[in-house]
Amino acid sequence: QVQLVESGGGLVQPGESLRLSCAASGFAFSRYSMRWYRQTAGKERELVATISSAGDTTTIVNSVKGRFVISRDNAKNTVYLQMNSLKPEDTAVYYCSGLAYWGQGTQVTVSS
């Protein structure tokens, strides 16, 4: 069955970095675009970044442009979200999504 497993979240101070990973299995990963979303309590899930199946096209939401980078390794069936210069407002649960499936999410907390 399809599985998406996120990892790499944690508690960091403002200005620090984290790299999230999402390991995919159960489908032809390299054929599909992948996305990272985030959600905070009481708010709708927000699309953060998208990457094409080959990894040659990416989109990033304006609020994190210049700080976040999405990438993928099709040989490892993994998509990444490199998050730099983190801000308290980046605090959220981050989810990866592909083929209409979702991971369980990983918590990112940015606080001093």
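Visitor: Where is L99 placed?
Guide: L99 sits in the loop between β9 and β10 (101-102). Strands (E, at least two residues) and helices (H or I, at least four residues) are DSSP runs, numbered from the N terminus.

Visitor: Before we go on, what kind of model is this?
Guide: It is a predicted model, in which local features need pLDDT of at least 70 and side-chain atom pairs count only at pLDDT 80 or more, while totals for chains, interfaces and linings use all residues. Residues are numbered from 1 along each chain as its sequence is written, and side-chain values use heavy atoms, with hydrogens and water left out.

Visitor: Back to L99, then. What is its phi?
Guide: L99 has a positive phi of about 55°, although L99 is not a glycine.

Visitor: And what about the phi of A100?
Guide: The phi of A100 is also a positive value, near 65°, in a residue other than glycine. A100 is found in the loop between β9 and β10.

Visitor: Is A100 buried or exposed?
Guide: A100 counts as exposed, at 71% relative accessibility. L99 is partly exposed, with a relative accessible area of 33%. Buried means under 20% relative accessible area, exposed over 50%, and partly exposed in between (1.4 Å probe, protein chains only).

Visitor: Let me step back. How many helices and strands are in the chain?
Guide: The chain has zero helices and 11 strands. The radius of gyration, taken over C-alpha atoms, is 13 Å, close to the 13 Å that the globule rule gives for 112 residues, so the chain is as compact as a globular protein of that length. That rule is 2.2 Å times the number of residues to the power 0.38.

Visitor: What does the C-alpha trace span?
Guide: Along its principal axes, the C-alpha trace of the chain spans about 40 × 25 × 25 Å.

Visitor: How much of the chain is buried?
Guide: Buried residues account for 39% of the 112 residues. The accessible surface of the chain comes to about 5,900 Å², and 46% of that belongs to carbon and sulfur atoms. Such areas come from the Shrake-Rupley method with a 1.4 Å probe; for residues, only the protein chains shown count as cover.

Visitor: Let us look at one residue. Where is D90 found?
Guide: D90 is found in the loop between β8 (78-83) and β9 (92-98). D90 is buried, with a relative accessible area of 1%.

Visitor: What does the side chain of D90 reach?
Guide: The side chain of D90 reaches the backbone nitrogen of K87 at 2.8 Å. A polar contact of 2.7 Å also joins the side chains of D90 and R67. A polar contact is a pair of N or O atoms within 3.5 Å; within protein, one must be able to donate a hydrogen and the other to accept it, and residues adjacent in sequence count only if both atoms are side-chain atoms.

Visitor: Which other residues is D90 in contact with?
Guide: Leaving aside neighbours within four places in sequence, D90 is in contact with residues including R38, V64, F68 and V110. The C-alpha atoms of D90 and S111, which are 21 residues apart along the chain, are separated by 9.8 Å.

Visitor: Now R72, please. Which strand does it lie in?
Guide: R72 lies in strand β7 (residues 68-73). R72 counts as buried, at 13% relative accessibility.

Visitor: What does the side chain of R72 reach?
Guide: The side chain of R72 reaches the backbone oxygen of F29 at 2.8 Å. The backbone oxygen of S53 lies 3.4 Å from a polar atom of the R72 side chain. Beyond four places in sequence, R72 touches several residues, among them Y32, M34, I51 and Y80.

Visitor: Where is S21, and what does it touch?
Guide: S21 is in strand β3 (residues 18-25). Not counting residues up to four places away in sequence, S21 touches V5, E6, S7, W36, T78, V79 and Y80. S21 is buried, with a relative accessible area of 16%.

Visitor: Finally, is T50 buried or exposed?
Guide: T50 is buried, with a relative accessible area of 14%, and is found in strand β5 (residues 46-51).

Key
Contact means heavy atoms within 4.5 Å.
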